[in-house]
Amino acid sequence: MRLRTFALLCALALTGSAAYAAGSAPTIVTPSAIHWAAGTGPLAGAQTAVIYGDPTKAGAYTMRLKLPNGAKFGPHFHGGVENVTVLSGTLLVGLGDTMNPSKMVTLPAGSFVSVPIGVHHYAMARGVTVIQIHGMGPRSMTFVHK
């Protein structure tokens with residue numbers, strides 16, 4: 001079964017490569033080209049950068065958040081799958097409607113988490129932390145109020 005899955009993934013990758021050969025170009029972003037902006041709303045205090053696409057519109061997007069030490073996102077959920085990679089620092093995440101530090105999982109740099117649609121979760125940065133989020137837009141974030 002794993003071999004079939006691997007073969008399917010290889011076929012999909014080759015199909016994607018053929019699309020580039022047909023005339024479109026890959027997106028290449030170097031660190032010096034990233035434009036960081038002050039976060040607003042629930043991202044106040046953080047810095048944000050859109051790397052690819054537009055998270056406010058339909059379609060694929062990739063963005064980064066630079067979180068200050070102790071930044072918290074209270075219990076919330078998203079209308080789409082949220083895929084997060086910890087690029088530097090440490091992100092703590094937990095599940096549920098009440099933020100409980102004793103139940104949070106520590107995600108060091110290099111960690112990845114994929115949160116399904118509608119799953120209530122919360123997060124906190126330990127030290128300055130940079131995360132990369134990708135998914136399909138439009139991106140939404142709804143806080144859980146108890």
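Is Thr 90 buried or exposed? Thr 90 is buried, with a relative accessible area of 16%; buried means under 20% relative accessible area, exposed over 50% and partly exposed in between, with a 1.4 Å probe and protein chains only. The structure is a predicted model, in which local features need pLDDT of at least 70, side-chain atom pairs count only at pLDDT 80 or more, and totals for chains, interfaces and linings use all residues. Residues are numbered from 1 along each chain as its sequence is written, and side-chain values use heavy atoms, with hydrogens and water left out.

**Confidence**

- The protein has a mean pLDDT of 88, and 84% of its residues reach 70 or more; pLDDT is the predictor's confidence in each residue, from 0 to 100.
- Residues 1-20 have pLDDT below 50, and this stretch has three contacts in the model beyond near neighbours in sequence. Contact means heavy atoms within 4.5 Å.

**Overall architecture**

- The protein contains one helix and nine strands, in the order α-β-β-β-β-β-β-β-β-β from the N terminus. Helices (H or I, at least four residues) and strands (E, at least two) are DSSP runs, numbered from the N terminus.
- Of the 146 residues of the protein, 31% count as buried.
- Among contacts between residues at least 6 apart in sequence, 68% join residues at least 24 apart.
- The accessible surface comes to about 8,900 Å², with 63% of it belonging to carbon and sulfur atoms. Accessible areas come from the Shrake-Rupley method with a 1.4 Å probe; for residues, only the protein chains shown count as cover.

- Thr 90 is placed in strand 5. Leaving aside neighbours within four places in sequence, its contacts are Thr 106, Leu 107, Pro 108, Met 124, Ala 125, Arg 126 and Thr 129.
- Leu 92 also belongs to strand 5 (residues 82-95) and counts as buried, at 5% relative accessibility.
- Not counting residues up to four places away in sequence, Leu 92 touches Met 104, Val 105, Thr 106, Tyr 122, Ala 123, Met 124 and Arg 126.
- A separation of 5.4 Å lies between the C-alpha atoms of Leu 92 and Ala 123, which are 31 residues apart along the chain.

**Gly 127 in strand 8**

- Gly 127 is found in strand 8 and counts as partly exposed, at 24% relative accessibility.
- Gly 127 touches Leu 67, Pro 68 and Asn 69, when residues up to four places away in sequence are not counted.

**Thr 48 in strand 2**

- Thr 48 lies in strand 2 (residues 47-52) and is buried, with a relative accessible area of 16%.
- Leaving aside neighbours within four places in sequence, Thr 48 is in contact with His 35, Trp 36, Ala 37, Gly 39, Leu 43, Arg 64 and Leu 65.

**Largest pocket**

- The largest pocket has a volume of about 270 Å³. On a 1 Å grid over the protein atoms alone, a pocket is an open set of points with protein on both sides within 12 Å along at least five of seven lines, whereas a cavity is a set of points where a 1.4 Å probe fits but cannot get out; lining residues have an atom within 4 Å of a point.
- Of the 23 residues that line this pocket, Glu 82, Val 93, Val 115, His 121 and Ala 123 are the closest to its centre.
- Strand 4 (72-77), strand 5, strand 7 (112-115) and strand 8 each supply at least two lining residues, and the largest share, six residues, comes from strand 5.
- By class, the pocket lining has 16 nonpolar, five polar and two charged residues. Ala, Val, Leu, Ile, Met, Phe, Trp, Tyr, Cys and Pro count as nonpolar, Asp, Glu, Lys and Arg as charged, and the others, Gly among them, as polar.

**Cavity and cis peptide bond**

- The count comes to one cavity of 30 Å³ or more, and the largest cavity has a volume of about 50 Å³. Grid points are joined across faces, edges and corners, and a volume is the space filled by probe spheres set on the points.
- The residues lining the largest cavity are Tyr 61, His 78, Gly 79, Gly 80, Val 81, Glu 82, Met 136, Pro 138, Arg 139 and Ser 140.
- Pro 138 lies in the loop between strand 8 (121-137) and strand 9 (142-143), and the peptide bond from Gly 137 to Pro 138 is cis, with omega near 5°.
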